[in-house]
Amino acid sequence: EKEVSITKFPADERKIIAKAHDKYKKARAGIINTRHGQIHTPAFMPVGTKGTVKAMLPESVQTTGADIILGNTYHLMLQPGAKRVFKLGGLHKFMNWSKPLLTDSGGFQVMSLSKLRKITEEGVIFNSHIDGSKFMLSPESSTEIQYLLGSTITMAFDECTPYPSTYEQAKSSMELTSRWAKRSRKAFYSRDGYGQFGIIQGSIYNDLRLKSALDLIELDFEGYAIGGLAVGEGQELMFKVLDYAPDLLPINKPRYLMGVGKPADIIGAVQRGIDMFDCVIPTRSGRNGQAFTKYGVVNIRNSKYKEDNTPLEEDCLCPACKNYTKAYLHYLVKVKEILGAMLMTWHNLMYFQKLMLRIREYIAQGKDFDFIS
Ligand SMILES: N#Cc1ccc(CCNc2nc3cc4nc(N)[nH]c(=O)c4cc3[nH]2)cc1
Ligand SMILES: [Zn+2]
């Protein structure tokens with residue numbers, strides 16, 4: 001079909017509702033057109049780190065309403081290897097997911113997973129957390145790996161500035177990210193319908209966030225991510241950065257907040273102008289027995305559910321709610337049956353997608369939406 005450019009917030013479909021209450025005037029709903037289909041924003045991306053959304057079939061992920069899922073350069077370069085995935089037809093074919101795929105660029109995962117690592121101007125040298133063998137990730141190699149995987153949206157190679165950081169530490173980290181962004185942009189093989197997002201850093205310092213945005217806007221990325229958040233700063237400080245940073249980014253391009261988050265975090269970030277999210281919470285906490293419901297979070301392992309013959313949510317259309325009871329889910333999770341992980345994950349992904357759908361609808365109708373969660 002006709003390939004379209006990746007970021008076309010169609011003017012007529014873009015609904016920026018100037019709200020009487022200034023809390024909402026930054027919220028926007030739109031559509032990102034890509035080579036692999038449309039992404040309705042605000043969008044939540046389920047995390048499929050190793051080429052699978054854990055405990056879900058791709059067709060099941062699709063039924064929850066997800067338009068796009070996230071994969072990880074770091075994990076896939078170690079196993080099965082980017083060249084092998086390329087030889088086998090790319091990640092879309094390998095994992096049987098034909099819709100958009102966004103891949104994180106690996107720097108964040110190296111810092112959180114690999115043991116020995118060394119950051120140099122060239123890139124990051126590290127030992128695999130699997131077998132200790134030596135690897136290097138650089139703006140060039142990360143961008144090439146994401147090309148070999150066939151990512152719809154490639155992330156620039158950045159350094160996620162830890163929290164807390166002094167102003168000086170945040171400044172030199174942000175400056176490194178700007179130099180790496182330039183190299184990432186140069187290494188990107190641009191094709192119609194594919195895109196590369198820059199990632200701004202600067203920690204909690206507004207002037208550093210501004211400089212980071214200016215450096216990256218010069219590189220004319222198809223979209224921009226706000227990095228260096230959801231790293232332990234807490235919701236209040238995250239929102240303080242989000243009261244300022246999204247407006248530094250081009251209004252007509254997608255804004256992606258990496259690693260976020262709980263429903264309340266997502267709502268607060270949408271109200272501040274964010275379009276895209278990813279978080280392991282619905283999948284990881286689902287496998288650990290936490291179900292997100294309109295009544296709040298249900299810890300299904302709690303003994304009070306062992307004879308509860310009612311569904312998690314009576315009006316939810318997911319298999320867990322349509323066909324099973326909390327008593328059965330309680331039992332499956334307690335005895336660590338694989339079906340327990342499957343059903344809890346499916347429900348949580350459905351819950352997160354329903355939340356995004358309702359947010360999109362409320363924005364389109366110009367309605368307030370801060371009470372949803
Ligand atoms: N369960 C659970 C759970 C575990 C971790 C998290 C926090 C994830 N936060 C987070 N992911 C990130 C990825 C990132 N990737 C890159 N390339 N750069 C970032 O600055 C960055 C920042 C992030 N912050 C949230 C929930
Ligand atoms: Zn359900």
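Predicted model: local features only at pLDDT ≥ 70, side-chain atom pairs only at ≥ 80, totals over all residues.

User: Start with the metal. Which residues are the protein donors of the zinc ion (ligand 2)?
Analyst: Cys-316, Cys-318 and Cys-321 each contribute SG, and His-347 contributes ND1. These donors lie 2.1 to 2.3 Å from the zinc ion.

User: What arrangement do the 4 donor atoms make?
Analyst: The arrangement is tetrahedral, because the angles they subtend at the zinc ion (ligand 2) run from 101 to 113°. For reference, the ideal angle for four tetrahedral donors is 109.5 degrees.

User: What spacing do the donors follow along the chain?
Analyst: The spacing is C-x1-C-x2-C-x25-H.

User: Are Cys-316 and Cys-318 buried or exposed?
Analyst: Cys-316 and Cys-318 are both buried.

User: Next topic: strand 2. How many of its residues are buried?
Analyst: In strand 2 (residues 28–34), 7 of the 7 residues are buried, so the strand is largely enclosed by the rest of the structure. Arg-28, Gly-30, Ile-32 and Thr-34 cover one side, with Ala-29, Ile-31 and Asn-33 on the other.

User: And how does strand 2 run relative to strand 3?
Analyst: The two run antiparallel and are joined by 5 bridges. They form a hairpin with 2 residues between them, and Ile-32 stands opposite Ile-39 of strand 3.

User: What is the order of the open sheet of 3 strands?
Analyst: The order is 7-8-9, with antiparallel pairing. Strand 7 (117–119) and strand 9 (134–137) each have a single partner strand, so one side of each lacks a neighbour in the sheet. The twist averages 15° from one strand to the next.

User: Which residue stands opposite Arg-117?
Analyst: That residue is Phe-126 in strand 8; 3 bridges join strand 7 to strand 8.

Definitions and conventions
Residues numbered from 1 in each chain as written. Chains lettered and ligands numbered in written order. Heavy atoms only, no water. Buried < 20%, exposed > 50% of the residue type's maximum accessible area, 1.4 Å probe, protein only. Helix = DSSP H or I, 4+ residues; strand = E, 2+ residues; numbered from the N terminus. Pairing = 2+ DSSP bridges. Donors = N, O, S within 2.8 Å, 3.2 Å for Na, K, Ca; no water. Tetrahedral: all angles 85-135°; square planar, octahedral: opposite > 155°, others 65-115°. Axes fitted to C-alpha atoms, helices over the stretch in contact; angles between N-to-C directions.
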